[in-house]
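Here's a friendly walk through a structure that may be new to you. Have a look at it first, and then we'll go through some questions together.

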Amino acid sequence: MKRYFYLKVKKINTKDIVVMGLMLSLYLILNLMTAYSFSQFYLSLNIKLISIFVLATYTDWLRTLIVAILGGIIGFFLPTNADAGIPLAYVFDYWIPLLLVAICSIFLPRNFRNKKEKVSKNKKLLMSKREKNKLWFEEKKDWFKWMGIWIIVISIYAFLGFWSKTFAGVLFYSAGAVEKNQNVWIFSMSVNSVNSVFDWAIYLATIPVVCYTIYPVAKNIY
């Protein structure tokens with residue numbers, strides 16, 4: 001596994017524009033399909049960020065930032081925007097969490113070598129049992145390192161997203177969405193804490209798996 005503190009960016013070419021357009025389209029489609037909430041905590045199947053995280057993993061922060069900016073602008077006019085009447089609440093509820101993915105791009109793993117790339121099939125047939133066990137151990141060690149980075153990055157992302165959404169909730173609920181005897185900060189924190197934990201679980205269950213699965217495709221593109 002190779003990992004970089006990735007600040008450098010390359011010149012954007014036609015291939016990049018196509019990939020960025022595809023990921024932006026997927027984000028908007030998933031936004032329309034899954035943004036509807038349920039339960040009193042406004043939970044939703046928040047998988048729309050998968051495409052943005054894939055872009056963040058296999059390109060760089062600049063390309064991710066451009067797509068996040070465009071996605072935030074277009075998303076404001078979608079029917080799934082619950083904060084349409086309060087633009088500042090929309091910024092903190094939807095746009096800032098989207099822009100944070102670009103920051104995550106700096107810390108995410110850039111490359112993961114699977115066992116097929118490490119050792120060819122012919123070479124593996126000639127290996128002794130001890131060598132095969134050693135290779136298996138190294139592969140599992142790499143996988144846990146790779147997954148550990150994802151857990152840390154997604155946990156920090158969910159934590160920052162929680163506070164951003166909490167502030168958005170204060171702006172939204174202050175407009176009369178809660179009873180006068182309720183503290184708007186406590187109400188917003190209670191709702192968004194459950195919401196953020198639910199999102200955190202979805203992110204961990206889906207995003208690393210998708211990024212790992214499409215690695216052979218992304219490797220051929222970049």
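Q: Is Tyr173 buried or exposed?
A: This is a predicted model, where local features need pLDDT of at least 70, side-chain atom pairs count only at pLDDT 80 or more, and totals for chains, interfaces and linings use all residues. Residues are numbered from 1 along each chain as its sequence is written, and side-chain values use heavy atoms, with hydrogens and water left out. Buried means under 20% relative accessible area, exposed over 50%, and partly exposed in between (1.4 Å probe, protein chains only). Tyr173 has a relative accessible area of 6%, so Tyr173 is buried.

Q: What kind of aromatic pair do Phe53 and Tyr157 form?
A: Rings of Phe, Tyr and Trp (its six-membered ring) pair if their centres lie within 6.5 Å; planes under 30 degrees apart count as stacked, over 60 as edge-to-face and the rest as tilted. The structure holds 12 aromatic pairs. For Phe53 and Tyr157, it's 5.5 Å centre to centre and 85° between the planes, and that pair is edge-to-face.

Q: How many residues apart in sequence are the parts that the pair of Phe53 and Tyr157 ties together?
A: Helices (H or I, at least four residues) are DSSP runs, numbered from the N terminus, and so are strands (E, at least two). Phe53 sits in helix H2 (residues 50-58) and Tyr157 in helix H7 (residues 129-173), so the parts tied together are 104 residues apart in sequence.

Q: Which residues form one aromatic cluster?
A: Two of the members are buried: Phe53 at 1% relative accessibility and Tyr157 at 4%. The whole cluster is made of Phe53, Trp150, Tyr157 and Tyr203.

Q: How many disulfides does a search of the whole structure find?
A: A disulfide is a covalent bond between the sulfur atoms of two cysteines. Here it's counted as a pair of cysteine sulfur atoms within 2.5 Å. Cys104 is buried at 7% relative accessibility, and Cys211 is buried at 1%. As for disulfides, the search of the whole structure finds zero.

Q: How far apart are the end C-alpha atoms over residues 12-33?
A: The UniProt annotation "transmembrane region", from an unreviewed entry, includes residues 12-33; positions are in the numbering used here, feature names are shortened, and annotations may be inferred rather than shown by experiment. Over residues 12-33 the chain is 91% helix and 0% strand, and the distance between the end C-alpha atoms is 30 Å.
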